[in-house]
Amino acid sequence: MRGRTLIVGPNFSGRSRALMNLLRATSDVPASFFVGPYAEAALSGLSSVVADEIRIYQSSDVSSSKADFSPLDFTSLSDRKPQTLSGGEQVLLALHCFSRSAYQSIAIDVALEQLDGANRALALDYLGGSSRQEFDVVLTDNRLDGPLPHWSCTEQTNESATFACDLPALANHLLPQHAGPLAIHDLHFGYRNGRTILRGADLTLEPGAAHRLLGPNGAGKTTLLKILVGVLTPSSGRISLDGVCYEPARTGNRAIALATQNPDHQWCGATLREDVTRRRSTLTRRIDMPPPADERIARLGRDLGFPSLDQPLYELPLAARKRLSWLWPFSGALPWIMLDEPTIGQDRDTRRELALVVRRLCALGYGIIFVTHDDDFAAQVPHRRIAIENMTISTS
Amino acid sequence: MRQRQLTPSGAVAFGLILIIAAMASAGVAGLALLAALCAAFAFLEVGAASAIALKRSLALVIPLALFMLIVWVGIVGRSPAEIAAGTSGSRAAALFHVALVCARLFLIASVLQLIMARFALTPPLGFIAALRVPLVCKRLLVFTLSLVETFQHAIDRAHTALVACGLLTSRGSLRNLLHAWVLVQTVWLTAITIVVGRLRDKWPIENTLAQLDRALARGAQRTLSRHDLIWLPLALAAAVFAIGAR
């Protein structure tokens, strides 16, 4: 491995495998820094706080030092647990650790897709914006179709039809819904460590439309989604659904299907069948909202590229798990759908078809909230912008 | 020049001596001396954070004290020594026994909490790296902490998944009781997948454990500080007295 290499290709074409092979085949590089798509493959897992994560990788050899990459103030984050950082912040921390380390090569597997526009530009510039060569880079990234200046490009062709999905067919079989308006009133929320995320936030979300949640890494986008599904309880303020007070933290989530940023944060079982069975059990006593039938779930599974529902979820590749995370939101079980970074790990064709599905869901009456740093995807979905920054929410 | 401040090694040795002495001491006088030394340590080394450390120790000991009071004073009505001697015994003796056990436990908990409070601003890895123990022991400590963190993270992730899908609620509910087993199953599955993710991808490519070894070796403090050399002899003297005094 020498220089900067971008590995491109469609999903399941073997990009991640090619990246690993490139690292392992190189005998003159003893070890490379690796940033995988999510925390367990981006951070060491050996540290309790951010300061320790940096300490593990810190090089004592001045001669091996590289330019420092510090887009965040890591000193102020030093006593935070690494896993409590947002997905984007974790990637930035990993890159910061690399910049302090003695490693002379880095491999990044779609992790940069979690960064907001400004941080992504900084990261790409650090990795290879200039011709000055300090270290080797190998990168897979779905939002880069071709190499940047000074980069070489390796193209993977589609090896098999594994997990071939048919999102246009899925869009044709979606069921109509009647979602009510979802609103938050004077919402305040802060974490126990004293970090305030929302201060007096007001927002009304109308069904039949898509709402894009925007904000820099760590602003609180995922936190707001977690409040709306009842995982986090606001310190004060009110949520209403269809004009009626809605307390998901107390009564349970009965309105919103969430596809999380890391798909592994949403599974309720080891297989898709187990996961769906448990989700359906929460709807069995709902007359107004019957759970989706077996045939419907099986059909959605097939359209997403999974002929069998008994496949263990954790054995699937990331891109496949990410697609499967859409199954429950698209099943018609719940009127509101929240998609947290839905395009991570997805190739251009899948992203385009996903946009088609989201447009169709809006037309069918669902309320959609999506978080994405993928402007190309967002441009394909007519949406209202909701920005979270400095503890406030603004709309445009 | 010798460092002045208490070192992690000095604090751990001080704590171990006090804990062993508290467990082995037989009389009230010995425990009182250990408690006095502990109070001096709190005052001189820990300062205002001692109040929180002592509150936490109380919170740990009070439930056990209540349970022991019910069992030994309320139900049994005799001390274990009286039972062994076959005498009729008294509730006062049982109360004295409970008080002694709880005082001992409170002392042990306090020592641990005070040391944690003393080094609250030191990152865990920095604390472990500074210990004068073989590298393998430091590694073991880091792995233990890592496993604890992994389980905490797995609990958080599993809880998020189950609340988001409506199977659990964030606040207490009957639903949570009914589905507690699903949470347990999901936590285990999540913890395993997190660990497998690290072992399969991150660690082999990076040789992360070699990085850890280097980080642990970098922070080792070879000599004891002046404060260590004050507290350790005091702890040893108090331990000798506490174990010897009847």
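Biologist: Let's start with Glu341(A): is that residue buried or exposed?

Modeller: Bear in mind that this is a predicted model. Glu341(A) has 23 C-beta neighbours inside 10 Å, and the cut-off for burial is 20 or more. So Glu341(A) counts as buried.

Biologist: And where does Glu341(A) sit, and what is its phi near?

Modeller: You'll find Glu341(A) in the loop between strand 12 (336–340) and helix 13 (348–363) of chain A. The residue isn't a glycine, yet its phi is positive, near 50°.

Biologist: Which residues is Gln114(A) in contact with, leaving aside neighbours within four places in sequence?

Modeller: Gln114(A) lies in the loop between strand 3 (105–109) and helix 5 (117–128) of chain A. With 24 C-beta neighbours inside 10 Å, Gln114(A) counts as buried. Its contacts beyond those sequence neighbours are Gly87(A), Gly88(A), Val91(A), Ile344(A) and Glu341(A).

Biologist: Now chain B. Why are the buried residues of helix 10 on the same side?

Modeller: In helix 10 (residues 208–218) of chain B, the buried ones are Thr208(B), Gln211(B), Leu212(B), Ala215(B) and Leu216(B). They share a side of helix 10 of chain B because they cover an arc of only 135° around the axis.

Biologist: What do the buried residues of helix 10 of chain B pack against?

Modeller: The other side of helix 10 of chain B has Ala210(B) and Ala217(B) exposed. The buried residues of that helix pack against helix 6 (124–130), helix 7 (135–164) and helix 9 (180–206) of chain B, together with helix 3 (50–57) of chain A.

Notes
Residues numbered from 1 in each chain as written. Chains lettered and ligands numbered in written order. Predicted model: local features only at pLDDT ≥ 70, side-chain atom pairs only at ≥ 80, totals over all residues. Helix = DSSP H or I, 4+ residues; strand = E, 2+ residues; numbered from the N terminus. Buried ≥ 20, exposed ≤ 12 C-beta atoms within 10 Å, placed from the backbone. Contact = placed C-beta atoms within 7 Å. Arc of directions from axis to C-beta.
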